[in-house]
Amino acid sequence: MGLNVYLSGEIHTDWRERIIAGAQGLDVTFSAPVTDHAASDDCGVAILGSEQSKFWHDHKGAKMNAIRTRKAIADADVVVVRFGEQYKQWNAAFDAGYAAALGKSLIILQRPEHDHALKEVDAAALAVTREPEEVVATLRYVLTGALPE
């Protein structure tokens with residue numbers, strides 16, 4: 001059994017790389033949003049033309065990124081959503097809700113100080129983790145039945 005895993009959320013730390021490295025040897029295929037912040041923000045105007053209003057600039061980019069996000073979440077067996085230390089990550093919460101609505105297995109990765117704010121998101125998850133290594137251990141268990149050593 002293999003898993004398609006979508007890594008959603010915060011783009012300012014190395015959590016994705018830690019999960020991918022830790023999952024070496026497991027039958028897992030990873031996908032993710034565009035993590036180049038400038039490219040993600042500016043893709044709509046770079047491809048479809050400039051906008052005078054920041055709202056429409058962001059609107060174009062969000063819609064273009066949604067093409068990738070919707071496809072990746074639809075194809076995923078498991079969706080991991082990381083809520084980072086800073087910024088209000090509404091897009092991560094949206095991805096978690098979208099994945100839950102599609103019946104995807106959802107793993108949340110967050111710090112304890114976000115527990116209250118994310119209680120509804122956590123309630124939809126099948127696992128709430130604190131560190132990328134716990135995500136890897138969860139994937140390893142699901143695929144092999146092996147507990148951490």
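A nonpolar core is a set of buried Ala, Val, Leu, Ile, Met, Phe, Trp, Tyr and Cys residues joined through side-chain atoms within 4.5 Å, where buried means under 20% relative accessible area, exposed means over 50%, and partly exposed lies in between (1.4 Å probe, protein chains only). The structure described here is a predicted model, in which local features need pLDDT of at least 70 and side-chain atom pairs count only at pLDDT 80 or more, while totals for chains, interfaces and linings use all residues. Residues are numbered from 1 along each chain as its sequence is written, and side-chain values use heavy atoms, with hydrogens and water left out.

The largest nonpolar core has 17 residues, and those that touch the most other members are Val-5, Ile-19, Val-78, Val-80, Ile-107, Val-135 and Leu-139. At least two residues of this core come from each of strand E1 (3-9), helix H1 (15-22), strand E3 (78-82), strand E4 (105-109) and helix H6 (132-144). Helices (H or I, at least four residues) and strands (E, at least two) are DSSP runs, numbered from the N terminus. The element that gives the most to this core is H6, with four residues. Apart from this core lies another, of 15 residues, which includes Ile-73, Ala-92, Ala-99 and Val-121.

When its neighbours within four places in sequence are left aside, Val-78 is in contact (heavy atoms within 4.5 Å) with Leu-3, Asn-4, Val-5, Tyr-6, Ser-105, Ile-107 and Leu-139.

The strands may be taken next; two of them pair if DSSP finds at least two bridges between them. E1 is largely enclosed by the rest of the structure, because six of its seven residues are buried. E1 pairs with strand E2 (residues 28-31) in the parallel sense over four bridges, and the bridge partner of Leu-3 in E2 is Val-28. Between these two strands the chain passes through H1, and this β-α-β crossover from E1 to E2 is right-handed. The term right-handed applies if, with the strands pointing away from the viewer, the path from the first strand over the helix to the second runs clockwise.

E1 also runs parallel to E3, to which five bridges join it. Here Val-5 stands opposite Val-78, and Leu-7 stands opposite Val-80. E3 is mostly covered, with five of its five residues buried. E3 pairs in turn with E4, in the parallel sense and over five bridges; Ser-105 is the bridge partner of Val-78 in E4.

In helix H1, the residues Trp-15, Arg-16 and Ile-19 are buried. They lie on the same side of H1, because they cover an arc of only 100 degrees around the axis, the arc being that of the directions from the helix axis to the C-beta atoms. The elements that cover the buried residues of H1 include E1, E2, E3, E4 and H6.

A search of the whole structure finds two aromatic pairs. The rings of Phe-55 and Trp-56 have their centres 4.8 Å apart and their planes at 90 degrees, so this pair is edge-to-face. Rings of Phe, Tyr and Trp (its six-membered ring) pair if their centres lie within 6.5 Å; planes under 30 degrees apart count as stacked, over 60 as edge-to-face and the rest as tilted. Phe-55 is exposed because its relative accessible area is 52%, whereas Trp-56, at 43%, counts as partly exposed. The pair of Phe-94 and Tyr-98 is stacked, at 6.5 Å centre to centre and with 5 degrees between the planes. Both residues lie in helix H4 (residues 90-101), four residues apart, which is about one turn of the helix. An α-helix has 3.6 residues a turn, so residues three or four places apart point the same way. Phe-94 is exposed, with a relative accessible area of 60%, and Tyr-98 is partly exposed, at 27%.

Glu-113 is found in the loop between E4 and helix H5 (119-124). With a relative accessibility of 55%, Glu-113 counts as exposed. Glu-113 and Asp-95 are 18 residues apart in sequence and 20 Å apart in space, C-alpha to C-alpha.
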